Amino acid sequence: MLDRLQAFFQTVMQDRPKAVFAPDDPRIAVAALCLQVMEADGIVRDAEREKLREILKDQYGLDEANLDALIAAGQDAENQAVDYYRFTTELKRQLDEEQRQQLVGLLWDIVYADGTRSEMEDHAIWRVADLLGVSGRERIVQRQEAAERAGLGAIDDAT
């Protein structure tokens, strides 16, 4: 799965300089969506922040300064956004179906970084997945896989 996520991030960024964060850079949209999901339950834990940093750093090959810049750009974009649509619209155009599914899996990885998920986090990912055109079935599959990666084992698939 890690190889699939790495391939996802690499295809998103092909033909783009790694250190430049233009306003339409898809990395900013990904970072902003991650931040919105992290904040959905009103509590951003250190484990979630660390997971976000780990994912962005590893997948985009960023040094600490560029990682900080990307997270700051994502935070600025997230602060200016009124909903998820701004970010999902552009990503839906740029990503194929499998990449969009992988993005939903990444969001679940961040949710499960602290070992729990809340109803608000469920709702946030449901909304993002819907806007990205990811089916409910695939959203649940991605959630289950993320729970397993987090060491939480099998989880209820009713939602």
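Modeller: Let us begin with axes, which are lines fitted to C-alpha atoms, for helices over the stretch in contact, while angles run from 0 to 180 degrees between N-to-C directions. Helices are DSSP runs of H or I with at least four residues, strands are runs of E with at least two, and both are numbered from the N terminus. With that in hand, H2 and H6 pack at an angle of about 40°, and their axes are 9 Å apart. This is a predicted model, in which local features need pLDDT of at least 70 and side-chain atom pairs count only at pLDDT 80 or more, whereas totals for chains, interfaces and linings use all residues. Residues are numbered from 1 along each chain as its sequence is written, and side-chain values use heavy atoms, with hydrogens and water left out.

Biologist: Why is H2 called oblique to H6?

Modeller: Angles under 35 degrees count as roughly parallel, over 145 as roughly antiparallel, 65 to 115 as roughly perpendicular and the rest as oblique. The angle here is about 40°, which makes H2 oblique to H6.

Biologist: What makes the crossing of H2 and H6 right-handed?

Modeller: A crossing is right-handed if the near helix is turned clockwise from the far one by less than a right angle, and left-handed if anticlockwise; the crossing of H2 and H6 is of the right-handed kind.

Biologist: Why are H2 and H5 described as oblique to each other?

Modeller: The axes of H2 (residues 26-39) and H5 (residues 85-94) come within 9 Å and cross at roughly 130°, and H2 and H5 are therefore oblique to each other. Their crossing is left-handed. The contact is made by Pro26, Ala29, Val30, Ala32, Leu33 and Gln36 of H2 together with Phe87, Thr88, Leu91 and Gln94 of H5, and its residues by class are 7 nonpolar, 3 polar and no charged.

Biologist: How do you know whether glutamine 101 is buried or exposed?

Modeller: Buried means under 20% relative accessible area, exposed over 50%, and partly exposed in between, with a 1.4 Å probe and protein chains only. Glutamine 101, which lies in helix H6 (residues 97-111), has a relative accessible area of 14% and is therefore buried. Leaving aside neighbours within four places in sequence, glutamine 101 is in contact with Val134, Glu138 and Gln142.

Biologist: What makes glutamine 144 count as partly exposed?

Modeller: Glutamine 144, placed in helix H8 (residues 136-149), has 21% relative accessibility and so counts as partly exposed.

Biologist: Where is confidence lowest in the protein chain, and where is it highest?

Modeller: Here pLDDT is the predictor's confidence in each residue, from 0 to 100. Confidence is lowest in helix H1 (residues 2-13), at a mean of 64, and highest in helix H7 (residues 119-132), at 96. The mean pLDDT of the protein chain is 87, and 84% of its residues reach 70 or more.

Note on methods. Contact = heavy atoms within 4.5 Å. Nonpolar A, V, L, I, M, F, W, Y, C, P; charged D, E, K, R; others polar.
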